[in-house]
Amino acid sequence: MKNYFDILKLFLLLTFLANPFFANAVTPQFQKKVLLISGRVNDYETGEPLPNVTVRVQGSNVNTTTNVEGYFTLHNIPSDTSVIVFNILGYHALRLQLSPKQSFKNIKIEMTSTTGALNEVVVTGKKEGNFKLNQKTGMISLTPAAIAGLPNLGEKDLFRSLQLMPGVSAGNEQSAGLYVRGGTPDQNLVLFDGFTVYNVDHMFGFFSAFNSNAVKDLQLYKSAFESKYGGRLSSVVDINGKEGNKKQFNAGADLSLLSINLFIESPLGKKASGLITYRRSFKTGLYNKIVNKINGNSSSQTSGPSGPGGGPSGGPSGGPNGRLGGTSDVKSYFDDLNAKFSYRPTEKDVLAWSFYTGKDELDNSLSSSGGGMTQGGGQLGSFNSSNSDITKWGNTGSSLKWSRKWNAQLFSNTLISYSNYFSNRLNTRQLLRDSITTITAGIIENNDLKDVSLKSDIEWTPFKNHAIWFGYQFTQNDIKYTYARSDTANLVDMGSKGKTLALYLQDKISLVNNKLILTPGLRTTNYNITGKVYYEPRFDITYHLNDNIKLKGAAGKYYQFAKRVLREDIMQGSRDFWLLADDKRLPVSSALQYVAGMSWENGDY
């Protein structure tokens with residue numbers, strides 16, 4: 001614990017040094033020596049801030065990327081007449097010619113999407129690359145404009161699109177989960193506007209739980225993710241939701257063979273905007289074929305299609321003498337709702353509230369009847385049986401975020417969030433003889449996970465060769481899992497509460513005229529259930545041999561505390577449930593990651 005408190009002291013010292021009053025005091029002396037520009041990048045049509053835009057000085061290795069609110073700070077500009085290039089997939093590249101007479105602070109950049117293309121115009125000249133290798137090792141960034149052009153089955157699907165990327169695969173055709181370089185779906189940290197999403201698919205795994213109309217930007221870190229992320233072993237999927245059109249009212253609807261998708265967005269006065277989307281499935285021929293396919297695949301094992309997590313939900317055997325024949329009309333649907341409202345009280349502050357809820361419901365009830373049954377040579381008479389089997393699962397989450405650009409060098413992002421994963425199954429069976437109930441049985445299965453988090457991230461770029469990130473994250477988990485039968489006591493009744501406090505520090509160092517970039521980092525986590533402190537060192541190195549060839553390498557240590565447990569008796573109930581590790585029944589997982597590679601590109605490839 002002593003080492004942990006030493007790190008806490010270091011963090012508090014850095015927080016003091018990054019105080020805006022201190023930053024304002026030290027900044028001028030560096031501004032005299034180093035020319036820098038700062039500003040914000042927005043979408044031209046909607047006014048939405050654009051994260052992960054590459055900002056570089058033309059003809060040099062000086063570059064950076066915009067943060068989650070579209071802000072950027074670029075140090076070490078060679079001259080006040082340089083050309084600054086802004087580039088992101090799905091938008092036209094933009095060039096800004098600097099002038100000695102203009103202000104280099106609070107520059108406003110608006111980029112135009114390539115989706116709103118006009119009629120064909122033939123232009124002859126040197127081809128500009130429409131895709132740039134990302135500046136971060138192991139990271140893939142997608143925008144809705146890029147996703148729209150990828151293959152899909154009736155809907156633009158974020159996770160299905162990611163399954164097409166190198167290093168990522170699907171476990172099977174019925175899973176929207178990501179298997180990233182050997183990891184399982186529960187080892188991926190999935191964030192939507194800062195809160196954790198534990199259920200990432202709809203409709204037995206055929207579609208992801210995220211509505212593309214509500215998504216502004218998505219980053220997938222396939223390996224060696226940054227120190228600000230923790231709690232998972234394999235990868236990070238960081239999704240930013242749209243804030244709503246800031247310039248004009250807009251509404252629309254998408255209709256496919258599987259669902260209807262509605263959205264509405266609008267400015268709310270001069271300083272606020274909002275967005276609401278709603279999606280719901282409905283029965284069609286294609287929908288029924290998918291349901292029947294799953295039901296057919298599992299009929300040899302169970303009485304119904306898959307439940308949450310893609311595993312078979314099944315059902316108990318029939319009457320006293322075995323399974324009873326009968327008919328089952330499987331009913332299923334999914335829906336999800338996104339809402340986000342943002343408010344800018346000043347040019348430096350952004351307040352944003354985001355809400356998401358999505359659920360699936362499966363009704364796999366069964367009814368049957370017979371002319372009679374015998375027992376001990378006697379006739380029991382006619383009978384009827386009914387089996388009610390209803391399963392519901394999904395995720396609800398919300399976050400409230402305050403972002404502030406203190407000055408050209410200092411940016412902070414503070415967020416409080418709540419997330420709840422639920423999976424509930426109620427299976428009751430009745431056997432009636434001559435209208436008299438003779439047998440009543442049932443299964444009740446519930447898994448409830450609550451996640452409350454508070455975190456703050458600070459970006460500080462005081463020097464031309466250093467960019468420093470540091471912050472903290474506090475998370476409290478409350479997980480319960482119960483499995484009971486109506487005619488017996490609870491067979492399984494498990495619950496756990498845990499708290500994690502994590503601190504992180506990361507430094508991006510540019511050397512050799514920005515050709516060599518080193519990014520060391522350290523994350524420490526105090527986990528109260530085990531009473532231990534876990535250290536997670538991270539390191540990333542990138543070297544530009546020339547304008548076309550880049551060498552990359554990274555390594556890191558990772559721990560996971562909330563884990564998904566797979567059931568062995570998959571023919572009964574949900575296939576999996578979540579629990580917290582305690583190093584006794586369930587160990588804390590850890591992983592070491594090493595990655596190395598080389599990339600090559602030119603104007604055509």
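Let me begin with strand 2 (residues 54–57) and strand 5, which run antiparallel and are joined by 4 bridges, where strands are DSSP runs (E, at least two residues) numbered from the N terminus, and two of them pair if DSSP finds at least two bridges between them. This is a predicted model, in which local features need pLDDT of at least 70 and side-chain atom pairs count only at pLDDT 80 or more, while totals for chains, interfaces and linings use all residues. Residues are numbered from 1 along each chain as its sequence is written, and side-chain values use heavy atoms, with hydrogens and water left out.

In that pairing, V55 stands opposite F86 of strand 5. Strand 5 (residues 83–87) also pairs with strand 6 (residues 94–97), in the antiparallel sense and over 4 bridges, and there V85 stands opposite R95. Strand 5 and strand 6 form a hairpin with 6 residues between them, and G90 in the turn has a positive phi of about 100°.

How covered is strand 5? Of its 5 residues, 5 are buried, buried meaning under 20% relative accessible area with a 1.4 Å probe and protein chains only. In a regular strand the side chains alternate between the two faces of the sheet. Here V83, V85 and N87 point one way, I84 and F86 point the other way, and all are buried.

Within it, strand 15 (residues 215–221) and strand 16 (residues 235–241) pair in the antiparallel sense over 6 bridges, and L218 stands opposite I239.

Now the aromatic residues. The structure holds 17 aromatic pairs, counted when ring centres of Phe, Tyr or Trp (its six-membered ring) lie within 6.5 Å, with planes under 30 degrees apart called stacked, over 60 edge-to-face and the rest tilted. The rings of F192 and F195 have centres 6.0 Å apart and planes at 50°, so this pair is tilted. Both F192 and F195 are buried, and together with F159, F210 and Y356 they form one aromatic cluster.

Finally, two charges sit over rings, a term that requires NZ of Lys or CZ of Arg within 6 Å of the ring centre and within 35 degrees of the ring normal. K247 lies over the face of Y44, at 4.7 Å from the ring centre, and the charged end of R280 sits over the ring of Y333, 4.0 Å from its centre.

Notes
Buried means under 20% relative accessible area, exposed over 50%, partly exposed in between (1.4 Å probe, protein chains only).
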